[in-house]
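Here is a report for a reader who meets this structure for the first time. It begins with the surroundings of the ligand and then turns to the chain as a whole.

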Amino acid sequence: MENLAEAFLSLSREDISLLAAIERGMRTHEWVPTFLITKLSGLSAGKSEYRLQRLYERKLVVREAQHYLGYQINFDSYDLLALSELVRRDQVRGIGGEIGVGKESIVLLAQGDVPLAIKFHRQGRTSFRHVRRLRDHLVDKPRVPWLYAAALAARREFQVMTKLHPDVSIPRPVAISRHALVMEQVPGTLLNRMALSDPEEGLRLILHEVGRALALDIVHSDLSEFNIMIAASGPVIIDWPQAVDATHPHATDLLQRDLSNVLSFFWRKYRLEMPLEEALSIVRGAEGI
Ligand SMILES: Nc1ncnc2c1ncn2[C@@H]1O[C@H](COP(=O)(O)OP(=O)(O)OP(=O)(O)O)[C@@H](O)[C@H]1O
Ligand SMILES: [Mg+2]
C-alpha cells in the first residue's frame, strides 16, 4: 500500500462500509458475492459496484470470478478497517512512521492521549505455528485463515498484556481492533542496539521482570535481545502473542529457552557469564517481589 495515512484519508465513508461488508461476509464466504456486499453495506447496487471497482484498482480488495464474482479484503484494507475504528473511538488521533517490520507484524508510531505504537499482526501470512493453541480465544471464526490468525494473535497478545500490566514492565495496552493492538510507545531502544553501562545490573533487572511474569503464571516463550527494550526506567519486555500459561506442558522448557537466549546474548555481547540454574533461581525468587 502507498502509505497507510494517505490511504486512510482518501477513503470515503462508503468505501469503509464496503470493506466492512466484505469483512463480515468473509465469516461465511471465502469469496463474498457482490449482492451480499451490497446488502450488508446498505449501498445501492450501482454505487457499490462502482466503488468496488475503484477499491479493486487501488488494490484494497482482491477478487475472483468463478461461478460468481467474489471479493476479499487483504491485509492493507484490514489495517484500514482497524485504523478507522480506532480513530472513530478517538483512541488514535494520528499515525507516524514505521518502527518495526517483521515477518509477523508491522509496528507504527501513533498518537493518542499519549505517544502510542500500533502493532498490526500479520500472522496468517506466514505460519500457523501458534494458531492451533490459541484457537479457542476467538469468538467469531472467519472462513479465511489469515484474517482469523492475525486477529487471534492480537487478541491473545492484548489479553496477556492486560494481565501483566502494571506488575510487569511492559508497554501499557491501550486498545484493540481486529488484528491491531495499540499500546503505549516505549521511550527506549532495543537491547541489541545499545550498550548497557552496567550489564550485570541490566541482566538482573530483566530476570526480575521474567520472574514477575511467572508469578502471574505467564511465560513469554519468545524472549531474546530483540524483544527487550531499555528505557530510562529500566527494561521493558515486548512482543507477547506467543506467551503460554505456566500450566502449559512445555512451560518449563520454554522458560529455560527464554533464559538461555538472554544469557547467551549477555555472554556474547558483554562476556558476562551466569549459569542457567542461577538465572532460574533469580527468576523463581523474584516471584514474590
Ligand atoms: N510499544 C512499543 N514502543 C516502541 N517500539 C515498539 C513497541 N512495540 C514494538 N516496538 C518496535 O517494533 C518492533 C517489532 O515489535 P514486536 O517485537 O512486538 O513484533 P514482532 O512480531 O516480533 O516483529 P518481528 O517479526 O520483527 O520480530 C520491535 O522490535 C520494536 O522496535
Ligand atoms: Mg519481536
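The shell around ligand 1 is made of ten nonpolar, five polar and five charged residues, where Ala, Val, Leu, Ile, Met, Phe, Trp, Tyr, Cys and Pro count as nonpolar, Asp, Glu, Lys and Arg as charged, and the others, Gly among them, as polar. This is a predicted model, in which local features need pLDDT of at least 70 and side-chain atom pairs count only at pLDDT 80 or more, while totals for chains, interfaces and linings use all residues. Residues are numbered from 1 along each chain as its sequence is written, chains are lettered from A and ligands numbered from 1 in the order in which they are written, and side-chain values use heavy atoms, with hydrogens and water left out.

Of the 20 residues around ligand 1, those that come nearest are Ser 105, Lys 119, Glu 184, Val 186 and Asp 239, a residue being near if one of its heavy atoms lies within 4 Å. The table lists polar contacts of the ligand, which are pairs of N or O atoms within 3.5 Å.

| Residue | Protein atom | Ligand 1 atom | Distance |
|---|---|---|---|
| Ser 105 | polar side-chain atom | oxygen | 3.0 Å |
| Glu 184 | backbone N or O atom | nitrogen | 3.0 Å |
| Asn 227 | side-chain N or O atom | oxygen | 3.0 Å |

Taken alone, ligand 1 exposes 600 Å², of which the protein buries 84%, the areas coming from the Shrake-Rupley method with a 1.4 Å probe.

By an automatic or database domain assignment, the protein chain is divided into domain 1 (4-73), domain 2 (94-184) and domain 3 (189-288). Ligand 1 lies between domain 2 and domain 3, because both give residues to its shell. The centres of domain 1 and domain 3, taken over C-alpha atoms, are separated by 45 Å.

Key: A polar contact is a pair of N or O atoms within 3.5 Å; within protein, one must be able to donate a hydrogen and the other to accept it, and residues adjacent in sequence count only if both atoms are side-chain atoms.
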